Amino acid sequence: MRLAAELGRWRRAGRCATLWWRDDDARAATPALRRLLVLSDAHRTPLTLAVIPDGRLRELAALLGGRPWVSVVQHGVDHLNRRDGAAAGEFPHEWSEAQLAERLNIGWRQVERLPGALRMFTPPWNDVHPALPQALLACGYTGLSAWGEIAEAGPRIDAHIDLMRWKKGARFRGRRRMWSALRVALRARRRAGLWDAPIGLLSHHLDHDEDAWAFLEALLAWAEGRPELKWKALADLT
Ligand SMILES: [Zn+2]
């Protein structure tokens, strides 16, 4: 297995890869969210929930209390697509930094009430509006999580491996593709000498089919206790 060979290279280099786990679109204490939290509990794997501010956050707060390994970040302002083109995004391109900042702050005032809330922002559809980084900085956010950038230190901590495929309806990406994506992510960091750049796993609990749930559980169990891999909480990456 080529992944085993890659892990061997990390072992021989005396390195340990950093993984982190982000799950998007929490809005309420649904059965799917409970199922996700049970997985995180069972494998003692730190989890970051990207929460949409306009949801039923009081019931979410009750669910997250007493789970110090779960972090919460703000997922957009209302998760509405306001773009005309093919690429979705909450903020039209013509919106100014001040317009973004106003919406960001309204959302944060909801999310900050949740246990484990970190002042970080995850834009829906991983869409980074040109004025977003500056607006986040002006509002006092400490970080941004979108898609695909490899970096050893914040403020940007992205996701890199998507459990789901989205074209023609959400479904599990497939076992072979997932293991291959992990191997490619490890290789990219090794070759760049960015051993400590985290690898972000992205899940969407509301969209998982049974194959996605089964793989997620298998991945968490497989990673547990491996010397070449370590899950970290988002707060420990910033
Ligand atoms: Zn989303």
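Is Lys-168 buried or exposed? Lys-168 is exposed, at a relative accessible area of 86%, where exposed stands for over 50%, buried for under 20% and partly exposed for values in between, with a 1.4 Å probe and protein chains only. The views below come from a predicted model, in which local features need pLDDT of at least 70, side-chain atom pairs count only at pLDDT 80 or more, and totals for chains, interfaces and linings use all residues. Residues are numbered from 1 along each chain as its sequence is written, and side-chain values use heavy atoms, with hydrogens and water left out.

**View B. Two residues with positive phi.** Most residues other than glycine have a negative phi. His-79, although not a glycine, has a positive phi of about 60 degrees, and its place is in the loop between β3 (70–74) and α4 (97–111); helices (H or I, at least four residues) and strands (E, at least two) are DSSP runs numbered from the N terminus. Lys-168 has a positive phi near 60 degrees and is found in the loop between β7 (164–165) and β8 (171–172).

**View C. A cis peptide bond.** Gly-154 and Pro-155 are joined by a cis peptide bond, with omega at about 15 degrees. Pro-155 is placed in the loop between β5 (143–144) and β6 (161–162).

View D. The largest cavity holds about 110 Å³ of space; a cavity is a set of points, on a 1 Å grid over the protein atoms alone, where a 1.4 Å probe fits but cannot get out, and lining residues have an atom within 4 Å of a point. Grid points are joined across faces, edges and corners, and the volume is the space filled by probe spheres set on the points. The lining of the largest cavity has 13 residues, with Leu-19, Ile-161, Leu-182, Leu-201 and Leu-219 nearest its centre. Two or more lining residues come from each of β1 (17–26), α6 (175–192), β9 (199–203) and α7 (210–223).

How values were computed:
1 Å grid on protein atoms, 1.4 Å probe; cavity = no way out; pocket = protein on both sides within 12 Å on 5 of 7 lines; lining within 4 Å.
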